[in-house]
Amino acid sequence: MEPWPDYLEALSSGLDGLTITDRAGAVMSPADGFGRWVQVTREVHDRGQSVYLIGNGGSAAMASHMAADACKNGGLRALAFNDAALLTATSNDIAFDEVFALPLKRLARTGDLLVSVSSSGNSPNIVKALETAVSLSLRIVTLSGKGADNRSRTFGDLNFHVPSVRYGWIETAHQVVLHYWLDQYLNVHGGGAL
């Protein structure tokens with residue numbers, strides 16, 4: 001059994017090692033990266049546009065959770081593409097790599113914000129959605145882990161990378177990153193973090 005302090009230390013090292021880059025790969029400080037994400041979110045809100053969140057498995061649950069919090073607490077037009085009928089119909093009738101790209105093609109408008117959450121950063125359906133987002137001129141924030149050279153990091157206007165190799169550590173760090181983003185949005189543009 002892993003000792004609890006060792007587990008916490010490994011989890012903490014992923015958060016301590018969080019790397020934030022822009023689309024060109026330039027490294028940003030956490031203050032600048034999160035500040036920019038909050039600013040982009042406010043710009044999207046002020047224009048009456050939408051925030052879409054996508055992910056698979058545990059990341060899908062996070063996307064759904066944060067879309068609900070962003071809508072309920074943040075007053076944002078936020079949606080996660082987790083509807084079972086749409087997911088299964090798209091994957092069965094078209095292709096699984098289209099499960100997020102298809103709804104983006106149907107619903108997204110230029111200037112909307114896509115937030116992708118992927119532990120590996122290489123899931124084919126996430127990459128396809130990011131390609132679609134670029135073609136639609138969406139703003140893009142990616143959260144990823146595993147290898148620093150993952151494909152998701154080549155698409156985002158902002159890219160948050162957790163340098164960890166275990167899914168549980170990456171997913172836990174991503175949840176913290178997502179909550180920090182929304183808490184800071186609420187601190188700056190709402191009544192404060194809840």
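Reply: Start with helix H2 (residues 30-46) and H7: their axes come within 9 Å and cross at roughly 60 degrees. Axes here are lines fitted to C-alpha atoms, for helices over the stretch in contact, with angles from 0 to 180 degrees between N-to-C directions. Helices (H or I, at least four residues) and strands (E, at least two) are DSSP runs numbered from the N terminus.

The model is predicted, so local features need pLDDT of at least 70 and side-chain atom pairs pLDDT 80 or more, while totals for chains, interfaces and linings use all residues. Residues are numbered from 1 along each chain as its sequence is written, and side-chain values use heavy atoms, leaving out hydrogens and water.

On the H2 side, the contact (heavy atoms within 4.5 Å) involves Phe34, Trp37, Val38, Thr41, Arg42 and His45. H7 brings Val177, Leu178, Tyr180, Trp181, Gln184, Tyr185, Val188 and His189 to that contact. By class, that gives nine nonpolar, four polar and one charged residues (Ala, Val, Leu, Ile, Met, Phe, Trp, Tyr, Cys and Pro count as nonpolar, Asp, Glu, Lys and Arg as charged, and the others, Gly among them, as polar).

H1 passes H7 in a right-handed crossing. Tyr7, Ala10, Leu11 and Leu15 of H1 meet Trp169, Thr172, Ala173 and Val176 of H7. The class tally for H1 with H7 is seven nonpolar, one polar and no charged residues.

Now the loops. Proline 163 sits between S7 and H7, and with a relative accessible area of 42% it is partly exposed (buried is under 20%, exposed over 50%, partly exposed in between, with a 1.4 Å probe and protein chains only). Setting aside neighbours within four places in sequence, proline 163 is in contact with Gly14, Gly17 and Leu18. Its C-alpha lies 7.1 Å from that of glycine 147, 16 residues apart in sequence.

Lysine 146 belongs to the loop between S6 and strand S7 (158-161). It is partly exposed, at 29%, and its phi is near 55 degrees, a positive value in a residue other than glycine. Most residues other than glycine have a negative phi. Serine 137, in the loop between H6 and strand S6 (139-144), also shows a positive phi, of about 60 degrees, and is partly exposed at 43%.

Lysine 146 turns up again around serine 120, which is in contact with Gly145, Lys146, Asn150 and Tyr167 once neighbours within four places in sequence are left aside. Serine 120 is in the loop between strand S5 (113-118) and helix H6 (124-135) and, at 17% relative accessibility, counts as buried. Its side chain reaches the backbone nitrogen of asparagine 122 at 3.0 Å.

Definitions and conventions
Polar contact = N/O pair within 3.5 Å; in protein donor to acceptor, adjacent residues only side chain to side chain. Left-handed = near helix turned anticlockwise from the far one by under 90°.
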